[in-house]
Amino acid sequence: KGYETFERIKLGSKGDNIEIDIVGFQKLLKSERIATIEVKEFDFHKVFKQALIRSLFSNYSYIAFPIKNTLIWNSFGTLLYNISLYMKNLKKHKIGVLIYDDLRKEIWEVVSPHFNKNLTTKYVNLLKEKIVGELNE
């Protein structure tokens, strides 16, 4: 709540390119907060690695899984199993998990992220520049 959101933000140059699925930016009185969300339908390992990289420059890092129809509900058990396998690493790296139910238009926070204050300045500054550019358009 209270975040401006942006989709498909690209950072870096050719050899150092990072694309973020969703970025949330919140301006506070004396600081800013950045939340990143990486979305995948099935590949838990890949989305975890992406969120781990994004956690270097975001205060809150999430992985998210959309549930689009009843066929995908059948893989819900697999998703819960993967969350349980990764729970130790999710907690260690302060990464949260969201599930988006497209049928009901609801988002569930299954695992809460923890605030990360140890950010990599280079990417934080690049991200802020991109966001300011988007806000000024």
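Biologist: How many helices and strands does the chain have, and which pattern do they follow along the sequence?

Modeller: This is a predicted model. Its secondary structure comprises four helices and six strands. Taken in sequence order, these elements give the pattern β-β-β-α-β-α-α-β-β-α.

Biologist: What percentage of the residues in the chain is buried?

Modeller: A residue counts as buried when its relative accessible area is under 20%. The chain has 137 residues, and the buried share of them is 39%.

Biologist: What share of the contacts with a separation of 6 or more joins residues 24 or more positions apart?

Modeller: Contact here means heavy atoms within 4.5 Å. Among the contacts in the chain with a separation of 6 or more, the share from residues 24 or more positions apart is 55%.

Biologist: What volume has the largest pocket, and which residues lie nearest its centre?

Modeller: The volume of the largest pocket is about 710 Å³. Its lining consists of 26 residues, and by class 17 are nonpolar, two polar and seven charged. Those nearest the centre are Ile22, Ile37, Ala64, Leu98 and Ile107.

Biologist: Which element gives the most to the lining of the largest pocket?

Modeller: At least two lining residues come from each of β1 (4-11), β2 (18-27), β3 (32-39), β4 (60-67), β5 (95-101) and β6 (106-111). The element that gives the most, with five residues, is β4.

Biologist: Why do the buried residues of α1 line one face of the helix?

Modeller: Helix α1 spans residues 44-54, and its buried residues are Phe44, Val47, Phe48, Gln50, Ala51 and Arg54. Viewed down the axis of α1, these buried residues line one face of the helix because they fall within an arc of 165°.

Biologist: Against which elements do the buried residues of α1 pack?

Modeller: The partners include both strands and helix α3 (76-92).

Biologist: Is Arg54 buried or exposed, and with which residues is Arg54 in contact?

Modeller: Arg54 is in helix α1. Its relative accessible area is 5%, and a residue under 20% counts as buried, so Arg54 is buried. Leaving aside neighbours within four places in sequence, its contacts are Ile18, Glu19, Ile20, Thr36, Glu38 and Ser61.

Biologist: Which residues are in contact with Lys10, leaving aside its neighbours within four places in sequence?

Modeller: Lys10 belongs to strand β1, and its relative accessibility of 45% makes it partly exposed. Its C-alpha lies 6.4 Å from that of Ile20, a residue ten places away in sequence. Beyond the neighbours within four places, the residues in contact with Lys10 are Asn17, Ile18, Glu19 and Lys130.

Biologist: What is the phi of Arg8, and where is Arg8 found?

Modeller: Most residues other than glycine have a negative phi. Arg8 has a positive value, near 50°. The element in which Arg8 is found is strand β1.

Biologist: Where does Lys105 lie, and is Lys105 buried or exposed?

Modeller: Lys105 also has a positive phi, near 55°. Its place is the loop between β5 and β6. Its relative accessibility is 56%, and a value over 50% counts as exposed, so Lys105 is exposed.

Definitions and conventions: Residues are numbered from 1 along each chain as its sequence is written. This is a predicted model: local features need pLDDT of at least 70, side-chain atom pairs count only at pLDDT 80 or more; totals for chains, interfaces and linings use all residues. Side-chain values use heavy atoms; hydrogens and water are left out. Buried means under 20% relative accessible area, exposed over 50%, partly exposed in between (1.4 Å probe, protein chains only). On a 1 Å grid over the protein atoms alone, a cavity is a set of points where a 1.4 Å probe fits but cannot get out, and a pocket is an open set with protein on both sides within 12 Å along at least five of seven lines; lining residues have an atom within 4 Å of a point. Grid points are joined across faces, edges and corners, and a volume is the space filled by probe spheres set on the points. Ala, Val, Leu, Ile, Met, Phe, Trp, Tyr, Cys and Pro count as nonpolar, Asp, Glu, Lys and Arg as charged, and the others, Gly among them, as polar. The arc is that of the directions from the helix axis to the C-beta atoms.
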